[in-house]
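I wanted to look up how charged and aromatic side chains pair here, and I kept my notes in the order of the searches.

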Amino acid sequence: MRAWMEVGAVLTPEEVRELSAEQRTELLRALIAAEDLDPLDEPQNRRRRVYALVLLVGCCAWLIPWTVVLGFTLPQHFTAERWAVAWIGFDAGLTLAIAGTAFALWKRLQIAIFGQIVSGTLLVCDAWFDVWLSWGSGEFALSLATALFGELPLAALFFFGARQLVLLTVHALWVREGRNGPEPRLRQVRLFATYRPIRR
């Protein structure tokens, strides 16, 4: 251990600035190692995680048979009231999601990642319902073209943008934590920690 990292030593801001880049990196690694805690390991958060997992698995267990039941019981033709209100409301929500995403990107806020995922998902839903609900009508060709050349490419752009922002965030943390070696793949990045080997 270097002299400037001796137990009990307290460095002033001036002394930290006098350290070399390599020394500051080594000091940063030591500080991170001393406080490398994962909030999800706390008992209260561990219980919440279990509850969330049970809820999500329960939702999937319910939705799978429910979807099968709908496939056999829904009528092929159905007249819906408030059709215009439903679509206008959906498009208003989509507009707000995209506008919120633009504002977050302008302000450089992390919530832009969430906004891009929401906007992309709404665009995929918009394309899905536009195409299938116009099937067999005179509007089908226009709906299909709008989906293929407008909504779906824009949704893909939003998803790609969200992924890039997550990767940039991981890169910034990786550099600021003074870590060596290649950065982890996105599927290896943990909540509240840049990277930790998978426990066996």
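I worked from a predicted model, in which local features need pLDDT of at least 70, side-chain atom pairs count only at pLDDT 80 or more, and totals for chains, interfaces and linings use all residues. Residues are numbered from 1 along each chain as its sequence is written, and side-chain values use heavy atoms, with hydrogens and water left out.

Entry on charges. I searched the whole structure for salt bridges (a side-chain nitrogen of Lys or Arg within 4 Å of a carboxyl oxygen of Asp or Glu) and found one. E81 pairs in this way with R82, and the closest N and O atoms are 4.0 Å apart. I then looked up accessibility, where buried means under 20% relative accessible area, exposed over 50% and partly exposed in between, with a 1.4 Å probe and protein chains only. E81 is exposed at 67%, and R82 is exposed at 62%.

Entry on rings. I counted Phe, Tyr and Trp rings (the six-membered ring for Trp) as paired if their centres lie within 6.5 Å, with planes under 30 degrees apart stacked, over 60 edge-to-face and the rest tilted. The whole structure gave eight aromatic pairs. W132 and W135 are stacked, at 5.1 Å centre to centre and 10 degrees between the planes. W135 also pairs with F140, with centres 5.1 Å apart and planes at 70 degrees, so this pair is edge-to-face. W132 is partly exposed at 46%, W135 is exposed at 55%, and F140 is partly exposed at 21%. I also noted that ring pairs link W83, W87, F90 and F129 into a cluster.
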